Amino acid sequence: MKTAVKGVPLGRRTQEQVRGSMVRADKRHRLRANTQAAVFFLMGAALVITLGFLALLVAFVASRGVRVINWTFITQMPRNAMTEGGIFPAILGTFYLVIAAMVFATPLGVASAVYLAEYARQGLLVRMIRTGINNLAGVPSVVFGLFGLAVFVKWFGFGVSILSGGITLGIVVLPTIIRASEEAILAVPRSYREASLALGATRWQTVRYAVLPSALPGILTGCILGVGRVAGETAPIMCTAATFFAPRLPGSVFDEVQALAYHIYALVTEGTHPEAQVPIAFGTALVLLALVLGVDLLAIILRVRYEGRR
Amino acid sequence: MRHRFREKFIHAVLVMVAFSSLVFLTGIMLVLFKEGLPIFQKVGVARFVLGRDWYPTHEPPSFGTLPLIAASFLVTMGAMAIAIPIGVASAITIAQVLPGRIRGIVKPVVELLAGVPSVVYGLFGMQIMAPFVMNFFGLPTGLTALTASIILGIMALPTVVSIAEDAISAVPGTYREASYALGATRWETISKVIVPAASSGIVTAALLGIGRAIGETMTVLMVAGGAAVVPTTFLQPVRPMTATIAAEMGEAPVGGSHYHALFAIAVVLFLITLAFNVAAEHVTRRFKMKVAGT
């Protein structure tokens, strides 16, 4: 009697029937609201876990690393079979490798991006190039290392050197630079090009004097992100550039170098005094982390300011 | 006249440069196959992929990579079991639940953390997570497939969150408005309208996450333990493909069977990651068509 409201026209329902259906609607509504609250709570918890994990990682590395970091640690050579002293050669080596990789990858990357954004017409050719870029970005880093070892170290005879490692890292970072540069070039308003062409400029003049200057901050952001990536890579340089210990600072591009990322790995897996080496590894990790996150933060700030201006 | 020549010249140079990525990719493939081929010929593809014994330096050596391939898949599966549910839920929260101002802070922070170098994750896993796993399960060593999975899962999180969030944000606002207008709650709108519309983007995020996890080197090299045995549980040391290559490429004599075997592992690894990347690209293209076509 009390549930049989369905099919009864609204006007012919008793007061009791109307109230009953309102109560049920209210219950349904509350169930939906509670489901939403419960699910949102769980999803919020997932986000907290994500950020929590990452915060935990940074906090641990920072708290263990900060104990050994001081001016000497950053500016001195290692002493006493890697158990004392500083990591200056590793900082310098990472710097050299980054320079070498960027010198190799930036011209190639920016020119590729200019072609894809300004010259290329849709077609098989462009699709092949894009497939190449996308799949190059997905190649595991250790495979780059193996490639560098076979081609630059052995075949070209560059040996384990800044040159071999720099080129290998340059190939690793190439897709990052192409994508960021292309995005920056495509973001330049069409009207810039039209205005330039209307003034009688050729295509290249338009690219050179109207498009590139306007895209420069975006391209720079991409390159900075590339620097962060290069500085943190370990596997590509393991057998192409890095060494655990070099008796002197590198003097030419054909010398092997110490590098921050490889130094961390070597400190915890090689050597005979783990109790003295592990703290140094955390110190090195903090320096590397600060370097990489600092560089990435710079890129993000640059991007936000640049987008704000547009 | 001079201009026309210069324009043509510049165009030609740019075309050639644009091909560099493709040239490098092809070069990598050729080198891997060329250097890996001798071992395939010597041992045979089937015995190389399905052999259960990896003793590259014994006399006579044995080049069975099943333990390494199995380890890679085990660790990747474990990592994805962590990264996909947590990552996708985080992405939905960032894109649809958080107020815009907080979102503007959380998204860059997650992207920033994607830049943490893998060797730092490795150090964290080796020095902090491994002792914890060892004591918690009462194991002889903390360097296990589980430890590697946890670290890899954490590591893949920013990638999964970032890509999935992009896909969810790309769903047109009109979808949501239409759903609200029909009286749906926010959660009903998310679960029945927005997530289905973004599903291929979310699948892309998962596929790229898998590709990244299976190719990740430093963390598994430092954390997975390194025992070349076909794994039966998560709580034993394993030796994934990437770790094997990284650990042995320095010591294998150039031109020897061991050297060729490492390239052959790289061939297998390359083909697996290529498959995931091609799949991801395919799904992305369909997603773009779907969103653009509506």
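A: In chain B, α4(B) and helix α7 (residues 145–169) pack at an angle of about 35°, with their axes 6 Å apart. Axes here are lines fitted to C-alpha atoms, for helices over the stretch in contact, and angles run from 0 to 180 degrees between N-to-C directions. Helices are DSSP runs of H or I with at least four residues, strands are E runs of at least two, and both are numbered from the N terminus.

Q: Before I go on, what kind of model is this, and what pLDDT do local features need?

A: This is a predicted model: local features need pLDDT of at least 70, side-chain atom pairs count only at pLDDT 80 or more, and totals for chains, interfaces and linings use all residues. Residues are numbered from 1 along each chain as its sequence is written, while chains are lettered from A and ligands numbered from 1 in the order in which they are written.

Q: OK, back to α4(B) and α7(B): is the crossing left-handed or right-handed?

A: Right-handed, meaning the near helix is turned clockwise from the far one by less than a right angle. The contact between α4(B) and α7(B) has 24 nonpolar residues, seven polar and one charged. Nonpolar covers Ala, Val, Leu, Ile, Met, Phe, Trp, Tyr, Cys and Pro; charged is Asp, Glu, Lys and Arg; the others, Gly among them, are polar.

Q: And what about α4(B) with α10(B), at what angle do they pack?

A: About 145°, with the axes 9 Å apart; α4 spans residues 66–97 of chain B and α10 residues 199–215. That crossing is right-handed. On the α4(B) side the residues include Ala79(B) and Ile84(B), which sit in a contact with α10(B) residues including Gly209(B) and Ile210(B). Contact means C-beta atoms, placed from the backbone, within 7 Å.

Q: Switching topic: which residues touch the most other members of the largest nonpolar core?

A: Leu97(A), Leu146(A), Ile264(A), Leu288(A), Val160(B) and Ala266(B), out of 194 residues. α4(B) gives the most to this core, 17 residues. Such a core is a set of buried Ala, Val, Leu, Ile, Met, Phe, Trp, Tyr and Cys residues joined through C-beta atoms within 7 Å. Buried means 20 or more other C-beta atoms within 10 Å of the residue's own, again placed from the backbone.

Technical notes:
Two residues are in contact if their C-beta atoms, placed from the backbone, lie within 7 Å. A residue is buried if 20 or more other C-beta atoms lie within 10 Å of its own, exposed if 12 or fewer, and partly exposed in between; C-beta atoms are placed from the backbone.
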